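Take a look at the model below. We will start with a pocket and then widen the view.

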Amino acid sequence: MNEKAAEGPRTRVRRPQRADARRNFDALLAAAREAFAERGTDASLEDIARRAGVGIGTLYRNFPTRQDLFDSVYLDEIDELCDAARQAADLPPWEALAAWLRRFVDYAATKRAIYEALNRDSEMMRSSRVAMYEAGQPLFDRAREAGVIRGDVTFDDVLRMVSGITGAGFVDEDQRERVLGMALDGVRARPA
């Protein structure tokens, strides 16, 4: 059995231990996310390294292949989405779900930018989907139990709606937020 198979599915980004290496790694992920959003999967690795303030050798040390970079950017988005659910858990039910869905918008935009480069049949993708649902479903369930979500709506319905919204082109962030607000307003339960 090879080492990757023995360690199980990868659902978290593995950051370097040393603080300086971790800073470079995180800077590369942020620069890659930005470059992929602007230019898609063909974004220049040299440009990503330059945006991160590191040399191309540092990029290749951390991400030996372009696919490693795509996978790490995606996994980092999943990590942040799961962290956002934990952070929102103490908010009132509707606010918790809405906060998490606003973070989901960022995840969906990144996924859309690198979608063609991801192996959608991989164990990493399956595990990531499970992690995402395990993070968000409890927020949805709590909102439903509190009576603030329409009874005919499922968690999957909401995720598909929000994913669809991220595919639209917006004039600016304010417009995106208004459209998301209108969509979420349609999910809320109305007093009888």
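How do the residues lining the largest pocket divide into nonpolar, polar and charged? Nine are nonpolar, one is polar and seven are charged. Here Ala, Val, Leu, Ile, Met, Phe, Trp, Tyr, Cys and Pro count as nonpolar, Asp, Glu, Lys and Arg as charged, and the others, Gly among them, as polar.

This is a predicted model, in which local features need pLDDT of at least 70 and side-chain atom pairs count only at pLDDT 80 or more, while totals for chains, interfaces and linings use all residues. Residues are numbered from 1 along each chain as its sequence is written, and side-chain values use heavy atoms, with hydrogens and water left out.

Stay with the pocket. The largest pocket holds about 370 Å³ of space. Its lining has 17 residues, and the closest to the pocket centre are Tyr107, Lys111, Arg129, Met132 and Ser163. Helix H6 (93-114), helix H7 (123-145) and helix H8 (155-166) each give two or more residues to this lining. Rolling a probe the size of a water molecule over the atoms shows where empty space is left. A pocket is an open set of points on a 1 Å grid over the protein atoms alone, where a 1.4 Å probe fits, with protein on both sides within 12 Å along at least five of seven lines; lining residues have an atom within 4 Å of a point. Grid points are joined across faces, edges and corners, and the volume is the space filled by probe spheres set on the points.

Arginine 129 lies in helix H7. Its relative accessibility is 43%, so arginine 129 counts as partly exposed. The cut-offs are under 20% relative accessible area for buried, over 50% for exposed, and partly exposed in between (1.4 Å probe, protein chains only). Isoleucine 78 is 51 residues away from arginine 129 in sequence, yet their C-alpha atoms are 8.5 Å apart.

Now the whole protein. It has nine helices and zero strands. Helices (H or I, at least four residues) and strands (E, at least two) are DSSP runs, numbered from the N terminus. The C-alpha atoms fill a box of roughly 60 × 45 × 30 Å along the principal axes. Of the 192 residues, 42% count as buried. Among contacts with a separation of 6 or more, 67% join residues 24 or more positions apart. Contact means heavy atoms within 4.5 Å.

Turn to the annotated part. An unreviewed UniProt entry lists "domain: HTH tetR-type" at residues 22-81. That span is 82% helix and 0% strand, and its end C-alpha atoms lie 20 Å apart. UniProt also places the feature "DNA-binding region" (unreviewed entry) at residues 44-63. Residues 44-63 are 75% helix and 0% strand, with end C-alpha atoms 14 Å apart. UniProt positions follow the numbering used here, feature names are shortened, and annotations may be inferred rather than shown by experiment.

Two residues remain. Threonine 41 sits in the loop between helix H2 (19-39) and helix H3 (45-52). Threonine 41 is buried, because its relative accessible area is 8%. Leaving out residues up to four places away in sequence, threonine 41 touches Phe36, Arg66, Phe70, Ala113, Ile114, Glu116 and Ala117. Alanine 88 belongs to helix H5 (residues 66-88). At 4% relative accessible area, alanine 88 is buried. With residues up to four places away left out, alanine 88 touches Ala96, Ala99 and Arg142. The C-alpha atoms of alanine 88 and tryptophan 100 are separated by 6.7 Å.
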